[in-house]
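Please look over the sequence and the model shown here.

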Amino acid sequence: MDTGVRIRRGVPCGAEEQVAAMYWEAFGRKLGAALGPPERGRAFIARHLHRDRGVVALAPGGRHVVGVAGYRLGGRGLTGGGVRDVLTGYGHLRGLPRLAVLALLERTPRPGELVMDGIAVEASHRGMGTGSRLLAEIAAVAAEAGCSRIRLDVVDVNPRARALYERHGFRAVRTERTPYLKGLMGFGAVTTMHRAVPARTGEGPR
Ligand SMILES: CC(C)(COP(=O)(O)OP(=O)(O)OC[C@H]1O[C@@H](n2cnc3c(N)ncnc32)[C@H](O)[C@@H]1OP(=O)(O)O)[C@@H](O)C(=O)NCCC(=O)NCCS
């Protein structure tokens, strides 16, 4: 289906707020515990976004972001903001418990691995293949970076996202039950999925 939506690497300069709003809409329940309330959380994400660690879908005209997939590679992910930023932004008293929640969400890539940070498509644009195209572009980024594997986590309350990943070659490797996060973040288990990245011939890792 040709929707006129274009996929590009890197979040365009000036689109940080749009991307932060999409992430918040998709993952607010999870992120709210660490970065809420919403206005403050969105501003924190926008301010600390690493634009080079995202693949975006742009509506015709090229200005409006309708989809984003973030990834973590070489110690850097789409969503940034370290300990100091959290303590500066939220104060020491409020910042410390937030850091504890962020630590729970932290996913560090192993050597040769690209970790997907999150994927979100604007509700009005879902079901038209945009999410699939973002996943394909992430796979291309991983191959070009010399990675042999893509890793992601999916929560038990999102079976449709899991089905999408399975259609794109991801396989569940383990499930961690997280009943202690049910009240705080709304999910009771996290499944880690892997997808192998075929080696590119004639090119070494970059
Ligand atoms: C998951 C998501 C990125 C897929 O984007 P998309 O552009 O709709 O994807 P595609 O059009 O390529 O594929 C559609 C498939 O996505 C999956 N999907 C997951 N959640 C969906 C939703 N809320 N609406 C439509 N499709 C959804 C389904 O498997 C769907 O296929 P189906 O219609 O047979 O169920 C998008 O639905 C989204 O942003 N969801 C909210 C955020 C989220 O859950 N992210 C994943 C976290 S692990």
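**Strands, helices and rings**

Strand S3 (residues 65–72) is mostly covered, with 8 of its 8 residues buried. Buried means under 20% relative accessible area, while exposed means over 50% and partly exposed lies in between (1.4 Å probe, protein chains only). Strands (E, at least two residues) and helices (H or I, at least four) are DSSP runs, numbered from the N terminus. This is a predicted model: local features need pLDDT of at least 70, side-chain atom pairs count only at pLDDT 80 or more, and totals for chains, interfaces and linings use all residues. Residues are numbered from 1 along each chain as its sequence is written, and side-chain values use heavy atoms, with hydrogens and water left out.

S3 is joined to strand S2 (residues 54–58) by 5 bridges, and the two run antiparallel. Two strands count as paired if DSSP finds at least two bridges between them. Ala69 in S3 is the bridge partner of Val55. S2 and S3 form a hairpin with 6 residues between them, and Gly61 in the turn has a positive phi of about 110 degrees. S3 also pairs with strand S4 (residues 113–121), in the antiparallel sense over 6 bridges. Here Gly67 has Val121 in S4 as its bridge partner.

These strands belong to an open sheet of 7 strands in the order S1-S2-S3-S4-S5-S7-S6, with mixed pairing. Strand S1 (6–9) and strand S6 (171–177) are the edge strands, each pairing on one side only. From one strand to the next the twist averages 25 degrees. Further along the order, strand S5 (residues 149–155) and strand S7 (residues 189–196) run antiparallel and are joined by 7 bridges. Asp153 stands opposite Thr192 in S7.

Next come the helices. H1 lies across S3, S4 and S5, at about 70 degrees to S3. Such angles run from 0 to 180 degrees between N-to-C directions, with axes as lines fitted to C-alpha atoms, for helices over the stretch in contact; contact means heavy atoms within 4.5 Å. Helix H5 (residues 130–144) lies across S1, S2, S3, S4, S5 and S7, running at about 160 degrees to S4.

How many aromatic pairs does the structure hold? There are 2 aromatic pairs. The ring centres of Tyr23 and Phe27 are 5.2 Å apart and the planes stand at 75 degrees, so this pair is edge-to-face. Rings of Phe, Tyr and Trp (its six-membered ring) pair if their centres lie within 6.5 Å; planes under 30 degrees apart count as stacked, over 60 as edge-to-face and the rest as tilted. Tyr23 and Phe27 are separated by about one helical turn because they are 4 residues apart in helix H1 (residues 16–35). Both Tyr23 and Phe27 are buried. Tyr165 and Phe170 also form an edge-to-face pair, 5.8 Å centre to centre with 65 degrees between the planes. Tyr165 and Phe170 are buried as well.
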